[in-house]
Amino acid sequence: LETIGVYEIVFNYQVNPSWSSNLNLFQYKASNIITFVKDASGLSATAQNFGTQIGNGLEVETSYKSSSFFSITGNYSYVKATDKKSSKAAGEYPIHKVYVRDEWTFSKNWKWGNQVEWIGKRERTPTDNRNPLGGYTTVNTMLENKNVFKNCDIIISLRNIFDTDMREPSLGPGPTSTSSSIPHDLPEAGRNMNVALNYHF
C-alpha cells in the first residue's frame, strides 16, 4: 500500500483589502511508492511497492485586485525530494516553478486573461543516466464574452503561443525498468487554439 504523510504550516497576510499573500511550508514522506521493477528473468517488469521518498519545500502566492476590472495572481514553489535508498534526488519533478495569471474585464461582457508558467530543470531518477530534462516557459491567452448570444458565452483560448517544446519525463532505463522507455520523453501539445461555447438553459 502506497502511503504519504505530510506536515505543513500556512501563513496568510492580508496587506490591504486588495492584496493578500500566503506562505506554505511543508515536509512529506512517501513510502512503498508504486513503480515498475524488473522480474527475475530481466525481460519484463511488474508494478510493485518499491522505495521511499522524502521531500520538503515551500509555496509562496500573492494576489492583487486593483478594482472589479483587473486582478493578478502569482506563485512560486520550491521542492527538494530525495530518494531515501540512494540519497540522490528523486527526480522527475522540477525544483522550481513560477506561475502568473492576470484577468482584465475591459467592458461589460468581455474579459481577457493571460497565463505565464515557468518550469525549471528536472533531474532524472537515481537509476536513469540520461541528462536532466530542461525547463521551459509557456504563455497562454484567453478571451471570453459573456452572453455573446442569448444565454450563450464564448471562450477563445490560444495556448503555448510561442510553440515551446514542452516535455514531461518518461520512464528511463535502469534496474527498476525495462528497455521499453521513451528515450526523448513525452512531448506536450504545441501551439493550439480552442473555441468553446457555453449555453445556459
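## Contacts of Val79

Val79 touches Phe26, Asn56, Gly57, Tyr93, Pro94 and Ile95, leaving aside residues up to four places away in sequence, where contact means heavy atoms within 4.5 Å. The model is a predicted one, in which local features need pLDDT of at least 70 and side-chain atom pairs count only at pLDDT 80 or more, while totals for chains, interfaces and linings use all residues. Residues are numbered from 1 along each chain as its sequence is written, and side-chain values use heavy atoms, with hydrogens and water left out.

## Nonpolar core

Val79 also belongs to the largest nonpolar core, together with Phe26, Tyr28, Ala81 and Ala90. Such a core is a set of buried Ala, Val, Leu, Ile, Met, Phe, Trp, Tyr and Cys residues joined through side-chain atoms within 4.5 Å, buried meaning under 20% relative accessible area, exposed over 50% and partly exposed in between (1.4 Å probe, protein chains only). Strands S2 and S6 each supply at least two residues of this core, strands being DSSP runs (E, at least two residues) numbered from the N terminus.

Leu171 is found in the loop that lies between strand S12 (167-168) and strand S13 (186-187). Because its relative accessibility is 39%, Leu171 counts as partly exposed. Leu171 and Phe36 are 135 residues apart in sequence, and their C-alpha atoms are 9.3 Å apart in space.

Note on methods. Helix = DSSP H or I, 4+ residues; strand = E, 2+ residues; numbered from the N terminus.
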